[in-house]
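Me: I would like to go through the labels on this model one by one and check each against its criterion.

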Amino acid sequence: ERLLDNPRYNRPLFYHPPLYVWLLTPFVWLGWPGGGVIVSLAGHVLCLLAIWIFIREWCLAGGHSPRVAAICLLAAAFDPILCSISARLWMDNVLTGLVSLSICLAFVAAKKHSVALWTVCGVLGGLACVTKLSAVVVLWFPVLVLAVQPGPLRTKVKAFFALVIPMAAIVGAWLGYFYHVYGVFLPDWVAPGPADDNAFIRMIQSRPFHYYLVALLSFQPLLLLALVGILPKAFRWRKDLLMAIALVPACFLPFISWMSARELGFMSRHLAIAIPSLYCCLFLWLGRPARWAGWKRLFVQACLALGIVQGILFQTVACHGDIPAFLYELFGGAPGG
């Protein structure tokens, strides 16, 4: 009844696209609504699959250490943010898994010059968008990979249409229906209003603009270090296209920080879209020649242990609305939710 008093929810159609709800529907039919958490867990598995595709197709074949690949996959499997979402009925893991698969398969499609794979990328991107429209923010990346891959223009044009047409068809179907119901393509009523005036909303809206950077340092410091280490090389994509993966989190983090400061509030799960690409950056960073091998190994092991402990904790302990970033709670003095 409280939700019906909220103008965001008391409407004939929910403002998010319906894919996640459709995936939950069979569990309701079976009389096991709690089993819907399997969908969130499956999204986490899709994230791991995307990271593995990135590693296997482009890196293991190039002689990179399988040990480094195992470290990155282990860290991603117990990532605190992805683990916390996989234990709850939140759509972010499904969104992240679909987006990440689209991005990582783009590298494979570029390598193999496969129109069929570009079509798969487009379908996955479209499905991500009808999970949550925020997927659009990073789905420019497959287009970049397509644009910079070597090959004749005619082949690139075919691949471009193979990528864009299914994505546009899927997203267009949702936007068309949404417009039919509301007369607008995008909702303008989603920002928290008076009905959301509670302690949790006040807390997430009071967090500072740099909150997501502190959160990353809290959950897995290696991710931010890897991004800083790889980003300078990301703009030399013609020399090494792999390094361009750093552009995904580098562009997404400022955007989500701006959106959170503007209307959404800062919640750690909003970082999920960037997490798999950050683990790809971590693979590239750890695979570089060691300059501080002695204590680097100890530091990496300590960070892995930190991430694994938090991943297990946040998957098993109830957290209301968000998971706490311990560095922010330590120095910022705000409640963790």
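This is a predicted model: local features need pLDDT of at least 70, side-chain atom pairs count only at pLDDT 80 or more; totals for chains, interfaces and linings use all residues.

Me: Where is confidence lowest and where is it highest in the protein chain?
Reply: pLDDT is the predictor's confidence in each residue, from 0 to 100. The protein chain averages 89, and 91% of the residues score at least 70. Helix α15 (residues 326-332) has the lowest confidence, with a mean of 79, and α6 the highest, at 98. Helices here are DSSP runs (H or I, at least four residues), numbered from the N terminus.

Me: What makes Arg269 and Asp92 a salt bridge?
Reply: The term requires a side-chain nitrogen of Lys or Arg within 4 Å of a carboxyl oxygen of Asp or Glu. For Arg269 and Asp92 the N to O value is 3.1 Å, so the pair qualifies. Arg269 sits in the loop between α12 (247-264) and α13 (275-286) and Asp92 in helix α5, so the bridge ties together parts 177 residues apart in sequence. Asp92, Lys132 and Arg269 are linked in a network of salt bridges.

Me: How many salt bridges does the structure hold?
Reply: There are 5. One of them joins Arg207 and Asp322, whose closest N and O atoms are 2.7 Å apart. Arg207 is in the loop between α9 (199-205) and α10 (211-219) and Asp322 in the loop between α14 and α15, so this pair ties together parts 115 residues apart in sequence.

Me: Why is Arg207 called buried?
Reply: Buried means under 20% relative accessible area, exposed over 50%, and partly exposed in between (1.4 Å probe, protein chains only). Arg207 has 3% relative accessibility, so it counts as buried. Asp322, with a relative accessible area of 1%, is buried because that value is also under 20%.

Me: What does the side chain of Gln310 reach?
Reply: It reaches the backbone oxygen of Ser218 at 3.0 Å. Gln310 is in helix α14 (residues 293-316), and at 7% relative accessibility it counts as buried.

Me: Which residues make the nonpolar surface patch?
Reply: Leu153, Val157, Phe160, Phe161 and Ile165 make a patch of about 480 Å². Patch residues have over 30% relative accessible area and no salt bridge; like charges are joined within 9 Å, and nonpolar side chains (Val, Leu, Ile, Met, Phe, Trp, Tyr) within 5 Å. Accessible areas come from the Shrake-Rupley method with a 1.4 Å probe, and for residues only the protein chains shown count as cover. Phe161, in helix α8 (residues 153-182), is partly exposed at 45% relative accessibility.

Me: What is the phi of His113?
Reply: Phi of His113 is near 50°, a positive value in a residue other than glycine. Most residues other than glycine have a negative phi. His113 lies in the loop between α5 (92-112) and α6 (115-129).

Note on methods: Residues are numbered from 1 along each chain as its sequence is written. Side-chain values use heavy atoms; hydrogens and water are left out. Helices (H or I, at least four residues) and strands (E, at least two) are DSSP runs, numbered from the N terminus. A polar contact is a pair of N or O atoms within 3.5 Å; within protein, one must be able to donate a hydrogen and the other to accept it, and residues adjacent in sequence count only if both atoms are side-chain atoms.
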